[in-house]
Amino acid sequence: MSGVPQGSVLGPLLFLAYVNDIWRDIESKIRLLADDCIIYRKILNIKDIEKLQTDMDSFGDWAERNEMKINLNKSKALSFTRAQVKDLLNYSLGDQKIPEASWCKYLGMIIRSDLRWADQINYTVQKAWRALHFIMHIVKKGNKNTKSLAYTSLVRPILEYGAACWDPYRECQISALDHVQNKAAKFVHHSGGSDWKSLAQHRKIAHVCAVQSIYR
């Protein structure tokens with residue numbers, strides 16, 4: 001078992017240096033962010049399944065060589081497909097099968113195997129409400145500027161995080177998101193009116209920024 005002291009200054013850098021060679025024997029695509037790791041590839045036939053399993057074996061060998069234990073309770077196998085009937089996933093790490101799941105939480109977003117975003121939107125709305133109720137309790141005696149700053153700093157980023165991916169088109173989902181900002185506007189301005197841009201406008205800006213990033 002290996003690790004670094006949590007809360008230390010050098011800990012994150014040392015950890016990144018420790019896992020920096022994890023990709024060397026893996027042919028599939030791999031993405032790393034801190035201690036989050038995903039390995040994936042397009043599956044067209046049985047050979048692709050075998051190649052992905054081979055990469056998982058290489059991943060397991062790396063972990064064993066480096067005395068790094070992989071927590072399978074926090075690992076999931078997902079298949080992103082439009083097929084109504086899905087094949088069972090039988091990927092393993094060492095002698096243990098990787099649990100199959102219909103969704104995962106990655107980088108703070110809930111990604112479903114069918115690429116529907118209802119769970120992510122519900123999660124966003126609930127998290128935003130908790131944050132809004134918190135600031136309504138803490139700064140209820142503050143002035144308008146303080147309340148507005150609290151909302152734009154602590155609540156709106158929640159409502160906008162990853163919105164370029166999950167931007168909803170269903171009226172009920174749009175209304176659920178708008179209801180949070182409308183409540184915040186009433187808390188800040190009392191009358192409910194404000195000069196804030198709508199959340200839909202913010203999501204449109206996020207789309208434009210994402211397209212620009214992809215293009216560049």
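Predicted model: local features only at pLDDT ≥ 70, side-chain atom pairs only at ≥ 80, totals over all residues.
Residues are numbered from 1 along each chain as its sequence is written, and side-chain values use heavy atoms, with hydrogens and water left out.

**Confidence**

- The chain has a mean pLDDT of 90, with 97% of its residues at 70 or more; pLDDT is the predictor's confidence in each residue, from 0 to 100.
- Confidence is lowest in helix α1 (residues 11-18), with a mean of 86, and highest in helix α3 (residues 118-138), at 96.
- Helices (H or I, at least four residues) and strands (E, at least two) are DSSP runs, numbered from the N terminus.

**Helix α7 with α3**

- The axes of α3 and α7 come within 10 Å and cross at roughly 10 degrees, which makes the two helices roughly parallel.
- Axes are lines fitted to C-alpha atoms, for helices over the stretch in contact, and angles run from 0 to 180 degrees between N-to-C directions.
- Angles under 35 degrees count as roughly parallel, over 145 as roughly antiparallel, 65 to 115 as roughly perpendicular and the rest as oblique.
- On the α3 side, the contact residues include I121, W129 and L132, and on the α7 side they include L177, V180 and F187; contact means heavy atoms within 4.5 Å.

**Helix α7 with α4**

- Helix α4 (residues 144-154) packs on helix α7 (residues 171-189) at an angle of about 160 degrees, with the axes 8 Å apart.
- The pair is therefore roughly antiparallel.
- K144, K147, S148 and Y151 of α4 meet Q181, A184, F187, V188 and H189 of α7.

- Strands β1 (residues 29-33) and β2 (residues 36-40) pair in the antiparallel sense over five bridges; two strands pair if DSSP finds at least two bridges between them.
- L33 stands opposite D36 in β2.
- Two residues lie between β1 and β2 in this hairpin, and A34 in the turn has a positive phi of about 55 degrees.
- Strands β5 (residues 103-106) and β6 (residues 109-112) run antiparallel, joined by four bridges.
- W103 has R112 in β6 as its bridge partner.
- The β5 and β6 hairpin has two residues between its strands, and L107 in the turn has a positive phi of about 55 degrees.
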